[in-house]
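Reader: I'm new to this structure and would like to learn how to read it. Could we go through it together, one feature at a time?

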Amino acid sequence: MFMRIDHIGIACRDLEEKIELFSRTFELTVVAREVNEEQGVKEAMLHIADGDGGGSYIQLLEPLSDDSPVGKFLAKRGEGVHHVAFGVPDVAEAMTTIGEKGVRLLDERPRHGSMGSRIAFLHPKDVGGMLTELVEAPKP
Ligand code: V0V
Ligand code: CO
């Protein structure tokens with residue numbers, strides 16, 4: 001199964017403050033900003049590089065509420081790395097292949113993700129404590 005790192009998601013209390021920090025420290029540019037009600041986040045994508053199969057990014061995430069996934073994470077663990085997202089050519093196919101290995105899928109079907117992508121999450125307890133996202137970039 002072809003995979004690359006699409007993005008690293010970082011949980012933030014203040015999105016604007018962390019955009020300023022990451023863009024200044026690593027000289028990265030914000031290429032997209034979105035509010036995703038379904039995922040309970042306000043987020044920004046900072047472009048790192050382009051490679052085979054798509055770009056790679058830092059995704060900064062501010063929760064829309066305390067009882068959202070990122071809101072709960074902040075209360076429990078504080079700010080920091082929240083998830084790792086692998087780019088795959090076909091998210092539905094990757095869900096089936098990985099699900100058959102006994103890894104719990106947190107989504108029954110692909111959801112809407114940043115920049116027109118299709119995404120699905122895997123349970124962190126089945127992936128060594130790493131919340132894992134699968135991302136299918138939109139076809140050009
Ligand atoms: C929770 N746990 C984590 C974790 N969040 N472990 C590693 N990384 C994380 N981010 C651990 C937690 O410490 C517990 O372990 C255990 O998993 C169960 O967590 P919980 O607190 O009991 O349960 P919840 O209600 O917090 O749910 C956790 C899950 C939830 C992972 C199931 O956050 C979820 O469904 N996440 C998927 C959606 C999501 O994260 N969306 C936001 C990003 P102990 O304490 O029992 O040992 S949206 C996004 O990335 C977008 C839009 C995009 O890329 O385009
Ligand atoms: Co993400």
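Reader: Which element gives the most to the shell around ligand 1?

Author: Keep in mind that this is a predicted model. To read a shell, you gather the residues with a heavy atom within 4 Å of the molecule. Here 22 residues surround ligand 1, and Lys72, His82, Ser114, Lys125 and Glu133 are the closest. Helix α2 gives the most, with 6 residues. The elements that give two or more residues are α2 (69-77), β5 (80-87) and β7 (118-122).

Reader: How many residues of each class does that shell have?

Author: You'll find 8 nonpolar, 9 polar and 5 charged residues around ligand 1.

Reader: Which residues have polar atoms 2.7 Å from an oxygen atom of the ligand?

Author: For a polar contact, look for a pair of N or O atoms within 3.5 Å. A polar backbone atom of Ser114 is 2.7 Å from an oxygen of ligand 1. With Glu133, an N or O atom of the side chain is 2.7 Å from a ligand oxygen. His83 also uses its side chain, with an N or O atom 3.0 Å from an oxygen of ligand 1. As for cover, ligand 1 taken alone exposes 1,000 Å², and the protein buries 76% of that. The space it takes is the largest pocket.

Reader: How many aromatic pairs does the structure hold?

Author: There is 1 aromatic pair. To read one, check the angle between the planes: under 30 degrees is stacked, over 60 is edge-to-face, and the rest are tilted. The ring centres of Phe22 and Phe26 are 5.9 Å apart and their planes are at 50°, so this pair is tilted.

Reader: Where do Phe22 and Phe26 lie?

Author: Both are in helix α1 (residues 15-26), 4 residues apart, which is about one turn of the helix.

Notes: Residues numbered from 1 in each chain as written. Chains lettered and ligands numbered in written order. Predicted model: local features only at pLDDT ≥ 70, side-chain atom pairs only at ≥ 80, totals over all residues. Heavy atoms only, no water. Polar contact = N/O pair within 3.5 Å; in protein donor to acceptor, adjacent residues only side chain to side chain. Areas by Shrake-Rupley, 256 points an atom, 1.4 Å probe, with all protein chains shown as cover. 1 Å grid on protein atoms, 1.4 Å probe; cavity = no way out; pocket = protein on both sides within 12 Å on 5 of 7 lines; lining within 4 Å. Sits in = over half its atoms within 2 Å of the grid points. Nonpolar A, V, L, I, M, F, W, Y, C, P; charged D, E, K, R; others polar. Phe/Tyr/Trp six-rings, centres within 6.5 Å; stacked < 30°, edge-to-face > 60°.
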